Amino acid sequence: MAGTIDEAQVRKVAKLARLELTDEEVKRFSRDLAAILEYIQKLNELNTDGVEPLAHCLPITNVLRDDIVRPSLGAEATLANAPDRYEDYFKVPSIFDDNSGA
Amino acid sequence: MNDLEYQVVVGLEIHVHLATRTKMFCSCELAYGQAPNSRVCPVCLGMPGVLPIMNRQAVEFAILTAMALNCRVSPYTKWDRKSYYYPDLPKNYQISQYDLPIGQDGFIEIPIEQGRTKRIRIRRAHLEEDAGKNTHTFGDFSAIDLNRAGSPLLEIVTEPDLSSPAEVRALAQELQRIVRYLGVSEADMQKGHMRFEPNINLHVTRNGQVFKTPITEVKNLNSFRSIERSVAYEIERQLDEFIETGKTLQMGNKKTFGWDDESQCTVLQREKEEAHDYRYFPEPDLVPVEVSTEWMESIRSRLCELPLMREKRYIQQYRMSEYDAGVLTADRATAELFESAVQAGGEAKRVCNLLTQSGLKMSNDRGCTMAELGISPDKLARLAKMADNGQISATSAVLIFETMTQSTDEPEQIAAERNLIQKSDAGEIEVLVDQVIADHPQAVADWREGGKKSAKSRGFLMGQVIQKSKGQANPKMVSEILDRKK
Amino acid sequence: MLELTARQLRDRIVRRDICSVEAVEAVFAQIDKSEPTVGAYLTLDRTGAMEAARRVDEKIAAGNSVGALAGVPMAIKDNLCRQGAATTCGSKILANFHSPYDAHVVERLHAADAVILGKTNLDEFAMGSSTENSGLKRTVNPWDPTRVPGGSSGGSAAAVAARMCYAALGSDTGGSIRQPASFCGVVGLKPTYGRVSRYGLVAYGSSLDQIGPLTRDVADSALILQVIAGHDLRDSTSVSEEIAPIPDYSAHLDDPLKGLRIAFVPHLNEGADPQVLAAFQNAVELYRSLGANIVEVRMPHLDYAIACYYVIATAEASSNLSRYDGVHYGHRSKKADEFAQVYNLSRAEGFGAEVKRRIMLGTYALSSGYYDAYYLKALKVRNLIRQDFSRVFEQADCILMPVAPSTAFGLGEKTADPLQMYLADIYTIAVNLAGIPGISVPCGFDDHGLPIGLQILSGPFTEDKLLRVARMFEKTANLPQRVPAVLG
Ligand SMILES: [Mg+2]
Ligand SMILES: [Zn+2]
């Protein structure tokens, strides 16, 4: 387990998380995260060989819905909270010269 | 151009839209071409506090398709989140399946040249939700419509077993036929129901050594023509590039291209495989799916004979041409119409001809399948019988076929009303034959003489008899009676 | 009238001793008095509340049947969606967001004829233990305005303590109901994961979040749990009544529990404040005196709960909060001229420091190369923690623990060191990892007159037993009758 986190890594993670950080924040988060991650190393004291990962505590499977149409919100309610719109579309600056997508 | 030997290696990723009524995780209607953002609810808009719920039909469609593709269907599957930021993906993660896809390790048979087939391995088939749509045509901004966001998609990934543009196209078309047969997708290319992403590279042999060119992926192709052409284009481009630069496949030098339909070439989108980090992890808002044996079997019972198998069987069983078999098996309902009509007593060849000639033309004109022309198998069988036993002529059969697509009348009724029943009264026909023989002594002489003019004269005499009957005499009988008088 | 419990008030409203409108007016008078100091609410809906109260009064006057919370003025934490109302989660990024739908629990409150007064403050997106992380408002402890109310449901706990509502709903991901209940001297219940639908609860850690009541006494918690518990088709993780039936939580509340076996975990108490420990020991002794069989148990993996939690919760949070991007709703940076800035700047401006820190941590834990070492490892440890609980519940009905190592701490006292703040969650966090129910009931006061809470835990879907055990304590503990400073 990598023990610590440096500023370059913090910048990389911030990019993944789409957070613009100030230099100040990068410093602070490197320090905070390093301390927290060091604490989390504690988990390595435990031998977990053969232990199943537990993502959920629930005793249930197969929760399925019938394929029946229900009313949608309608464009007005859908766009009611939109920061910007063009007609009935959500509007953003052109995404063409952007590489953030997949 | 050059003397390099090379092998084409293509794997295909296909996204198929499932034909459910509602979206994958909410109850919004699946709709194409509706007003923007009119089919959106808090769930598919990814609003704070919403939770997804699985659509049973989508899960069953996915399992059914996985079975048809000979996959191992996982008895236990779960959901994962795939993170990436894009404005048409409202939650900025896509609910998908990562390590436990619904189907794995299958194969699909595709037709190749001379009636042979090739088996292409399927790596996996998994369910996921689609994104919405971004539009850039309104001005210097992008506009987002979320109607499509959350639509159920089946992603199918093949192994890199395809070795020519034609094979890639054949697989795409065969898959379209299969999903339509199963009724799990309309697979309408125009509506973007199938999207293809080929991964292409070449294994080039030079001086006895094999070089692999860098893999390129072509994104979001949505027509058979464009996948075939883009693969062909990439083969040429990669070959040229290899000759020029000698570049070979390495970690991280995969490139992503788009296809420009206008200039018919691929366009570079991303030079380096950007450090994609999807951060997959188990979707905590959904519980796993366990597919019990009973559930699995009830889905399996909906499987049907797949088109390629059926096509082969028609060729053998009915001695049909490859072409006719292909037309009849193009969609499941038409194939079933054909077989039901044969079962109801229609002679196979006759039924086949009615469908592949009149039927195909009319369905093309009307933009529907032959089964949708509205002729029941029973009526089709009776029509075929009437033509077969000489009650009507082949020309009349076509006319009646056409009429049946527009009315509910019985074929016998139509034939009678339109005076299309052929005269088969031997006495009546004999009277006409005798008259014609009497009226045309020269032609009779030429016919009986048996010389060069014999066949032509016989044809002339036949024509005269038919004409005298106003077209209603059964030609077979006329021919018989005439020959008796030679 | 303000000293009544929700149950008592409801009974008197139904009997027409008091009308709901009067109760609402009395509460608003109290709000006018104390809210400027306490700051529990983010939004108040006076008009809506008065109308709702009037409707209940009319229903009763007309002789119609009314729900279990008829006319009772309540508050809800502002991470619960209410149709047409602002739902901010205490974040600038949602400051102007109005939900187009009701959360399941809000529907249930309406169906029970409760009167919703407004929405309470919280740590931004429920991330915190002091409500100091709210991006919109400061809430203080009604017992001492220089101290924190706890968190993240600090607004709900403070509002109940300061009589600014009769009961409130909160949410608990790592102690966010139980710890503020403890700091504010009220009862706080976190039900079993899956017992209450999360539909309309803005997600923080999806596999850990659960909604529950904050109330004046145990009976009120039973009453409200009855209203909000149950299956909801819109939440796949809500458990059906076939799998886990819902008993009548109030019916046997006062019946004595014979042969009660209670466990406690001595080694866990080492770091706690002596006064907290003393109150805890008294509680154990009280149960012993009531005939309970007290067993000491070891739970070797609880020491790892905080490390485990801060991986899992932040991983889920980093994903849950990725939707706040300034595209479809919520804050968009005015400076975003290019598309990428819509994401990067809107999120930078909209989220506070703690939320950013947790998003960073969670993103890191899930990122390629670290997933196995952090996230997967944490899921395995989570299983070990759950197994610890299962083993104990084979030999005991309940586990007793403190709620927090200390009583309410001073404003700003712990904000500089996030890790120290996290470590204070030691007693509450494992409960969420195991998905079991837990309750915090007042069990005494420290030298500063600050309330101390006792935590009781039980097995999955045994809230009925949990409430009875809590009620036993409440009934017999004979705590001194004190009121918060802001009321004095
Ligand atoms: Mg995909
Ligand atoms: Zn929807």
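**Helix crossing and metal sites**

Me: Helix 2 of chain A passes helix 11 of chain C: left-handed or right-handed crossing?

Reply: The crossing is right-handed. That term applies if the near helix is turned clockwise from the far one by less than a right angle; anticlockwise is left-handed. Helices are DSSP runs (H or I, at least four residues), strands are E runs of at least two, and both are numbered from the N terminus.

Me: What kind of model is this?

Reply: This is a predicted model: local features need pLDDT of at least 70, side-chain atom pairs count only at pLDDT 80 or more, and totals for chains, interfaces and linings use all residues, while side-chain values use heavy atoms, without hydrogens and water. Residues are numbered from 1 along each chain as its sequence is written, with chains lettered from A and ligands numbered from 1 in the order in which they are written.

Me: New topic. Which residues coordinate the zinc ion (ligand 2)?

Reply: B:Cys26, B:Cys28, B:Cys41 and B:Cys44, each through SG, at 2.3 to 2.4 Å. Donors are N, O and S atoms within 2.8 Å of the metal (3.2 Å for Na, K and Ca); water is not among the atoms, so sites may look incomplete.

Me: How are those donor residues spaced in sequence?

Reply: The pattern is C-x1-C-x12-C-x2-C. B:Cys28 and B:Cys44 are 16 residues apart, both in the loop between strand 1 and strand 2 of chain B.

Me: Are B:Cys28 and B:Cys44 buried or exposed?

Reply: Both are buried. Buried means under 20% relative accessible area, exposed over 50%, partly exposed in between (1.4 Å probe, protein chains only).

Me: And B:Glu128, buried or exposed?

Reply: B:Glu128 counts as buried, at 3% relative accessibility. B:Glu155 is buried too, with a relative accessible area of 9%.
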